[in-house]
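The structure is shown first, and the notes follow.

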Amino acid sequence: MKVQGRMFIWLSVFILIMAIVYGVWSKEPAGTTALFLAFGLSVMIGYYLAFTARRVDIGAQDNKDADVADDAGEMGFFSPHSWQPLSLAVGGALAFMGVIFGWWLLYFSTPIILIGLFGWVFEYYRGENQNQ
């Protein structure tokens with residue numbers, strides 16, 4: 001994770017330089033603002049990765065003498081089947097359609113989004129997948 005943190009920090013330095021150069025030369029506020037926001041996002045990701053790298057064990061990507069096989073194995077638990085992302089997608093689509101057709105559509109999309117989010121968070125707390 002140290003490598004990724006450094007990469008994002010250096011990327012943020014590059015984006016900052018490009019944002020300043022672009023802002024001075026073009027005097028265009030939208031692009032300059034977008035580049036400064038990209039700088040901020042890159043700094044946040046880089047800081048998070050660098051901060052987290054201090055608290056976790058050294059991974060194979062941080063070892064210069066590591067082989068590809070050293071990084072093999074279980075990376076974590078990923079849900080093999082879940083219907084909750086579908087309900088979140090339907091609720092999100094309705095919410096964005098509410099911007100187009102009318103804000104009243106948000107009254108119908110908000111419960112769908114909340115049900116999908118609640119179901120996704122607590123998916124493995126009850127039912128047939130409780131012990132996973």
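## Terms and basis

Buried means under 20% relative accessible area, exposed means over 50%, and partly exposed lies in between (1.4 Å probe, protein chains only). Ser-12 is buried by this cut-off, because its relative accessible area is 3%.

The model is predicted: local features need pLDDT of at least 70, side-chain atom pairs count only at pLDDT 80 or more, and totals for chains, interfaces and linings use all residues. Residues are numbered from 1 along each chain as its sequence is written, and side-chain values use heavy atoms, with hydrogens and water left out.

## Confidence

The protein chain has an average pLDDT (the predictor's confidence in each residue, from 0 to 100) of 88. A score of at least 70 is reached by 96% of the residues.

Helices (H or I, at least four residues) and strands (E, at least two) are DSSP runs, numbered from the N terminus. Among the elements of the chain, the highest mean pLDDT, 95, belongs to helix 2 (residues 29-53), and the lowest, 93, to helix 4 (residues 106-121).

Patches are made of residues with over 30% relative accessible area and no salt bridge; like charges are joined within 9 Å, and nonpolar side chains (Val, Leu, Ile, Met, Phe, Trp, Tyr) within 5 Å. A salt bridge is a side-chain nitrogen of Lys or Arg within 4 Å of a carboxyl oxygen of Asp or Glu. Accessible areas come from the Shrake-Rupley method with a 1.4 Å probe, and for residues only the protein chains shown count as cover.

A nonpolar surface patch covers about 1,200 Å², and its members include Trp-10, Leu-11, Phe-14, Trp-25 and Phe-36. Helix 1 (residues 2-26) is the main contributor, with 11 residues. Leu-11 lies in helix 1 and is partly exposed, because its relative accessibility is 38%. Ser-12 is also placed in helix 1.

## Loops and the negative patch

Lys-27 sits in the loop between helix 1 and helix 2. Its phi is near 55°, a positive value in a residue other than glycine. Lys-27 counts as exposed because its relative accessible area is 68%.

Asp-65, Asp-67, Asp-70 and Asp-71 form a negative surface patch. Lys and Arg count as positive and Asp and Glu as negative, while His and the chain ends are not counted; the place of a charge is NZ of Lys, CZ of Arg, CG of Asp or CD of Glu. Asp-67 belongs to the loop between helix 2 and helix 3 (84-101) and is exposed at 53%.

## Two further buried residues

Thr-52, in helix 2, is buried at 16% relative accessibility. From Thr-52 to Asp-71 the C-alpha separation is 18 Å, at 19 residues along the chain.

Glu-123 lies in the segment after helix 4 and is buried at 15%. Glu-123 and Val-24 are 99 residues apart along the chain, and their C-alpha atoms are separated by 51 Å.
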